Every structure is written in C-alpha cells, then in structure tokens.
Amino acid sequence: MRNFLAIIEIVGAILIGVVTYFVRKDATDALLIGFVLLFAIELLRTRIEIEKISKQYYSLLSWFQSIAPVDEFSELALIYGLKGFDNISGNTIYVPRDDILAFWKNCVSRTQNHWKVITYSLYDETWGLGWMKYGNAIQKERLLSGCKITRIFLVDSLEEKKTIENTMIEQSKIEIDVSWLLKDKLLQNQAAKKAFETIKSLDVAVVDNSWVYMTYLNEDRKLTGALATRDKNVLKKAIVLVDEAIELARANKIIGKEKGDGCIF
C-alpha cells in the first residue's frame, strides 16, 4: 500500500512537471516544480504518519499506566491476572487449593510492615506436608527486612496445642511473635464472633493494615482455597478478628529458648 501511494505521488509530480513544461516551455522550471511538489507531498505524508504514531504511542502509554501496579496488592492482582486466573476482580484475588502455597508466598513476600495472622489450618494440611521448607526463606527475608510477623495458632483443644508446640517454638526462635489460643475462647468474644460471621474464615492475615489474606477450610479443616482482598468491609472485620485474637492470646505467648534457624510457616 505504501509503495502504491509513493508511485502515485511520483506520477502526480511528473504530470505537474509536464503540464508546467507545456505552459511555460521551460524544462528546468518544470523539473524544479515537480521535485518541489514531490518533496511537499512527502513532507505532508510524513507529518501525518508521525501524528498517527504519536496517537498510538500515547494510547499505549495510557493503557500501560492504567494497569501498572501502584502498590503491592495491585502488583499481586496483575501477576495473577496475567497468569490467567479467572476469579479476579478489582479488589479480590481467589485461588484454588493447588495454588495456595505459591499464593501465600507471594502475599507474604509483599508485606512491608506487619503480617498479623491467625493460623487455624491443620498441621497435616500445611507445614506437616513440607510447607515449612518453602515458607522458611520468605518469612526470614521479611523479618530481616524489618517486617514484623505476629502469629496466633488457633487450636480446638489443648491436645492439639501439644502437637504443634515444636513448630511454635521454632518460629519463636527466629523472632516471629508467636502465641496460641483456643478457638472456643476466641468465639466467646462477641466482637470476634461477629467479625468471623462476616468473613467466614478463622485462618486470616491482616497485611500492613491495608489488605487481607484468607485461607478457606471445610468442616474437616481441609484447605479448599485462598484469597487476598482489599474490600474495605472485609478488611475492617479482619482487623477486629485478628486484633482480638492477639489480645486474648497475650497470656499464651511462646518464647523460643534460643535463637537459630527453625521451620516456619
């Protein structure tokens, strides 16, 4: 198409030159006018092309700016959107069971100041399956970067608490703030109970007081999926639930006997 237009321009310039020759009977004037006309046409066409390219450039720039992550949550949404996850809206990202570990790692790694979490998932569903090894590097990196991690292990009974004591001690050794709490005691707190009735999860993390990570469990406490959201109502309720758990668990703080490497999740 571009070659065709160039041929038309050249032919047009030649025709004007021929007409000029017959009118003025001067070959030099005819040739000069033809070249000037050809140059003018090319200059005009080039300017039009530049304007067209400029519009396309600014259109693309505007699009990239609209999708560019402006914070950690936006970055997370962009990553999972590009991966083709269907359950993504402007405020919420949901992943199925098989993607929970990778999703959890991506969420923790984007925590800047404080990861406050109630952990209610079963040992055999999480760190008992080897999650500790994969989560270890992420949490240690966050701690070394000055990020604080506060974890409340929520248990159904004192017997369950005994089965995870080593895990709690090891986490405490690397300066995660670790405590434990009975589920019944948490839900006796009316503020915590109302918050739980709204968000429907007891495995919840408040991230930098600006967004929420939640793991969903079935009646047997098996993992079914996880989400991250910055929905304002969910965030408000999650903050209440986690803060009440932290306050109630103060008397059950776990202190590691020594500092050192430990298995964490």
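A residue is described as buried when its relative accessible area is under 20%. In this predicted model, T150 has a relative accessible area of 5% and is therefore buried. This threonine lies in strand β3, and its side chain makes a polar contact with the side chain of H114, at 2.8 Å. When residues up to four places away in sequence are left aside, T150 touches H114, W115, K116, V117, D177 and I246.

The strand that holds T150, β3, belongs to an open sheet of eight strands, which follow one another in the order β1-β7-β6-β5-β2-β3-β4-β8 and whose pairing is mixed. Strands β1 (92-96) and β8 (253-254) stand at the edges of this sheet, and because each has a single partner strand, one side of each is left without a neighbour in the sheet. Elsewhere in the sheet, strand β6 (residues 211-217) pairs with strand β7 (residues 223-229) in the antiparallel sense, over six bridges; Y216 has G225, in β7, as its bridge partner.

The buried residues of α4 are I100, L101, F103, W104, N106, C107 and V108. As background to such a list, an α-helix has 3.6 residues a turn, so residues three or four places apart point the same way.

Terms used. Residues are numbered from 1 along each chain as its sequence is written. This is a predicted model: local features need pLDDT of at least 70, side-chain atom pairs count only at pLDDT 80 or more; totals for chains, interfaces and linings use all residues. Side-chain values use heavy atoms; hydrogens and water are left out. Buried means under 20% relative accessible area, exposed over 50%, partly exposed in between (1.4 Å probe, protein chains only). Helices (H or I, at least four residues) and strands (E, at least two) are DSSP runs, numbered from the N terminus. Two strands pair if DSSP finds at least two bridges between them. A polar contact is a pair of N or O atoms within 3.5 Å; within protein, one must be able to donate a hydrogen and the other to accept it, and residues adjacent in sequence count only if both atoms are side-chain atoms. Contact means heavy atoms within 4.5 Å.
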